[in-house]
Structure formats: C-alpha cells, structure tokens
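Have a quick look first.

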Amino acid sequence: MNSPHLLKIERDLRALSLEELEWILKLITRQVQEKKQISDKFTDVKYMNEQLAAMASDLDIKTEITFINNEFGVTEMDGLEKL
C-alpha cells in the first residue's frame with residue numbers, strides 16, 4: 001500500500017522528534033481501536049437489532065416519522081394509483 005499520500009506521510013514522519021512520533025503512535029493506535037469497535041458493532045446483528053428496536057420506540061423518532069408521513073401524504077396520492 002504505497003500510495004503517494006502514504007509516501008509523503010512517511011517522509012514527514014522522518015522529520016519528527018521521538019516525542020512527536022510517540023504522540024502520533026498513540027493517536028493512531030487509539031483511532032484504530034475506535035474504528036475496530038465501531039466496525040464490530042455494525043457487523044453484530046444482535047446489536048443492530050437492539051438499536052433498531054430502541055429507535056422504533058423512541059418518542060422523538062416516532063414524532064418525526066409522523067411529521068414526514070403527514071408532509072408527504074399529499075405527494076403519495078398525487079398520480080400514484082395502484083398498478
């Protein structure tokens with residue numbers, strides 16, 4: 001994976017001090033761990049179903065869905081007959 005962008009980052013890293021490199025390493029490690037956790041959550045079907053159930057019972061979401069349905073109700077009737 002040697003894209004021009006990554007090669008530039010590699011060159012820029014060589015100019016950093018040891019302290020700066022350690023700081024960057026910690027930052028990258030933390031970001032990788034966070035992305036892995038997020039990825040794991042979205043591939044976990046049980047987690048996703050729990051989130052969908054929570055959204056379905058959320059009063060704010062129900063209110064917004066009702067508002068959207070009312071707003072587009074006229075549009076749905078506009079020339080869209082059963083085929």
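What follows is a short chat about this predicted model.

Visitor: How many helices does the chain have?
Guide: Going from the N terminus, the elements run α-α-α-α. There are zero strands in the chain, and the helix count is four.

Visitor: In which helix is confidence highest?
Guide: The chain as a whole has a mean pLDDT of 87, with 89% of its residues at 70 or more. Confidence is lowest in H4 (residues 59-77), where the mean is 85. At the top end, with a mean of 92, sits H1.

Visitor: How far apart are the end C-alpha atoms of H3, and what span should its residues give?
Guide: H3 covers residues 45-57, which is 13 residues. At 1.5 Å a residue, they should span 18 Å. The model agrees, since the end C-alpha atoms of H3 are apart by 18 Å.

Visitor: Which residue caps the N-terminal end of H3?
Guide: Look for a side-chain oxygen that lies 3.2 Å from the backbone nitrogen of lysine 46. That oxygen belongs to the capping residue, aspartate 44.

Visitor: Is leucine 6 buried, partly exposed or exposed?
Guide: Leucine 6 lies in helix H1. Its relative accessible area is 32%. Buried means under 20% and exposed over 50%, so leucine 6 is partly exposed.

Key. Residues are numbered from 1 along each chain as its sequence is written. This is a predicted model: local features need pLDDT of at least 70, side-chain atom pairs count only at pLDDT 80 or more; totals for chains, interfaces and linings use all residues. Side-chain values use heavy atoms; hydrogens and water are left out. Helices (H or I, at least four residues) and strands (E, at least two) are DSSP runs, numbered from the N terminus. The expected span of a helix is 1.5 Å times one less than its number of residues. A polar contact is a pair of N or O atoms within 3.5 Å; within protein, one must be able to donate a hydrogen and the other to accept it, and residues adjacent in sequence count only if both atoms are side-chain atoms. Buried means under 20% relative accessible area, exposed over 50%, partly exposed in between (1.4 Å probe, protein chains only). pLDDT is the predictor's confidence in each residue, from 0 to 100.
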